[in-house]
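Trainee: Could we go through this model together, one question at a time?
Mentor: Gladly; here it is.

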Amino acid sequence: MRVWLAQLRKGLVEPCVLGALRQGEAYGYQILQRLGGAESLGISESTVYPVLARLAAQKLVLVREAPSPNGPPRRYYRLTPAGRARLAHMTLCWQQVASVVNELLKEG
Amino acid sequence: MAGSENRSDPEHLITEHLETIDRALAARGMPLTERRSVTGDVEAQIRDMLEERAGDEPTTADVEAVLGMLDAAESYVEDGQAATDESTPTTGVRPSRLSRVAVVGAAWAPFTFVMLLLWLVAVPVTGPHGSPAPGPAWWQIAALVVLLPLGSLAPFATTILGWIAVGQIRRSAGRLHGLGLALADGLLFPLLLLDILVYMFWRVVIAVAVAWKTLGIAALGRPHYASVDRNPMVVVVLAAITSVVVDWLIVRWAWRKVARNEGER
């Protein structure tokens, strides 16, 4: 059961991170805080930061460094047009899947 | 004592945590640029959490408390799963190990020198009546016979194994180390060969110069090797200086090349 839950969450990290960035540019810790509301997703920094790095490498998010008052520069992430398109596609897929699964799981 | 104080230093704890994460990410094959991105985000988060908790002067206890709130470095081993999958034990960070190929190459190289030593230096033995025996000791001949195949193949084997190890280490994404040893294997015998060529070059140059000085321009085509061989120190010194400089430049160039390419992967 937990393996299944882990796999489910794993697949949802990327759309959730992209979704968190739809609200606007943010640095890593801010993104985590935005995702913090969805505790059932079980998303933490060890899942989010590698995904952010991969999204940046795929040019789905843009990275901008800015000085931080507390130490090293903060890396601010924002969606690129390709990232928005990916998010729109993922949103559509999720809605279709959720709709079908909800229907199948609906109690009698 | 100083070491233990240093290990509990707040900055040291943070650095250690970031390095462990970096190794975990490297173990799963993440490129250096992405690893830097991740560790940069983690460090920024740690600094923000420390600021929220302790202001400008965090203590070791503050750092330990903040690190305790974060995911363990091992959670970074597998993308998106370890942090959420409580039933699956984490595999842990596979420790980086020394390249065996590089070690074998390094272990093979000395056979050449031992073989040459046995070949060139005959250990004097005495005959049955105290007179010097003709030829080297029996054990020296036996050792030479045993070492001949290993020693004569070592220049090729060490060089080939060294460059194979360099390739393996660069492709290992942090799972293998020993790049310096591998490069030393790969360069040792080629550089020795180059040093011999450098010596021969200077021998010819000095022999030509001596012939020119003593016999004039007509002797340019007839190098005077006899006088050079009678007093070889000039050639040896020139060859040694040239070899040191050339070897150093080649080693530096090669190291920069392989180390940079390893980092870019």
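Trainee: How are α3(B) and α4(B) oriented to each other?
Mentor: This is a predicted model: local features need pLDDT of at least 70, side-chain atom pairs count only at pLDDT 80 or more, and totals for chains, interfaces and linings use all residues. Residues are numbered from 1 along each chain as its sequence is written, with chains lettered from A and ligands numbered from 1 in the order written. The axes of α3(B) and α4(B) (lines fitted to C-alpha atoms over the stretch in contact, angles from 0 to 180 degrees between N-to-C directions) come within 10 Å and cross at roughly 125 degrees. Angles under 35 degrees count as roughly parallel, over 145 as roughly antiparallel, 65 to 115 as roughly perpendicular and the rest as oblique, so α3(B) and α4(B) are oblique.

Trainee: Which residue in β3(A) is the bridge partner of A:Ala66?
Mentor: Strands here are DSSP E runs of at least two residues, and helices H or I runs of at least four, numbered from the N terminus. β2(A) and β3(A) run antiparallel, joined by seven bridges; two strands pair if DSSP finds at least two. The partner of A:Ala66 is A:Arg74.

Trainee: Which helix gives the most to the side of chain B that touches chain A?
Mentor: Contact (C-beta atoms, placed from the backbone, within 7 Å) involves 28 residues of chain B and 28 residues of chain A. Twelve residues on the chain B side come from the helix at 32-54, α3.

Notes. Two residues are in contact if their C-beta atoms, placed from the backbone, lie within 7 Å.
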